[in-house]
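Colleague: I have not worked with this one before. Can you walk me through it?
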Amino acid sequence: MDRKVAKRLLYAAQEAFPYEYSALLIGKGATITDFLSMPISADKHAFSWDGPAFFQAIGDIRKRHLQWLGVLHTHPHTAPIPSARDVAGWHYPSLSYWIVSLALDVPDWRVYQWQDGGFVGRDYTLTDATEVADTSSADSASSPKNS
């Protein structure tokens with residue numbers, strides 16, 4: 001994920017607090033270079049998308065010739081571990097699933113991938129825009145880092 005995108009996502013997530021924030025993560029290949037914020041749910045403990053907003057976002061991604069690479073949402077009051085509701089509502093196994101916990105002073109970022117009927121934690125790397133063109137640095141895995 002591009003470091004500037006991570007900073008913008010965190011800002012948007014903190015602005016939505018105490019409600020859950022969600023966004024579609026977009027880019028090319030395996031590099032997240034932007035995002036589309038989704039409408040904030042009135043529920044402080046769940047996120048959901050209505051059909052028109054979701055389909056408009058998918059259309060915007062296509063118009064920009066980008067790929068939908070993942071979903072990010074926050075857990076404003078709990079750890080960044082997929083809840084039973086997260087598991088039951090996940091319908092996109094090929095996409096990354098990011099959760100940012102805002103429960104403590106320092107945001108805790110986690111990324112998951114759906115595998116064999118459940119979420120598996122994955123490592124990620126924050127890159128600078130200039131590194132995105134260099135696939136050798138963008139492909140290297142590291143421990144999760146907060147921005």
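Modeller: We can start with the strands and then turn to the aromatic rings. This is a predicted model, where local features need pLDDT of at least 70, side-chain atom pairs count only at pLDDT 80 or more, and totals for chains, interfaces and linings use all residues. Residues are numbered from 1 along each chain as its sequence is written, and side-chain values use heavy atoms, with hydrogens and water left out.

Colleague: Which strands does E1 pair with?
Modeller: E1 (residues 22–28) pairs with E3 (residues 67–75) over six bridges, antiparallel, and with E2 (residues 31–37) over six bridges, also antiparallel. Strands (E, at least two residues) and helices (H or I, at least four) are DSSP runs numbered from the N terminus; two strands pair if DSSP finds at least two bridges between them.

Colleague: What sits between E1 and E2?
Modeller: Two residues, in a hairpin; Gly-29 in the turn has a positive phi of about 65°. Lys-28 stands opposite Thr-31 in E2.

Colleague: On to rings. How many aromatic pairs are there?
Modeller: Twelve. Rings of Phe, Tyr and Trp (its six-membered ring) pair if their centres lie within 6.5 Å; planes under 30 degrees apart are stacked, over 60 edge-to-face, the rest tilted. Phe-54 and Trp-68 are edge-to-face, 5.6 Å centre to centre with 65° between the planes.

Colleague: And Phe-54 with Tyr-92, what kind of pair is that?
Modeller: Tilted, at 6.4 Å and 35°.

Colleague: Is Phe-54 buried or exposed?
Modeller: Phe-54 is buried, at 13% relative accessible area, while Tyr-92 is partly exposed at 26%. Buried means under 20%, exposed over 50%, partly exposed in between (1.4 Å probe, protein chains only).
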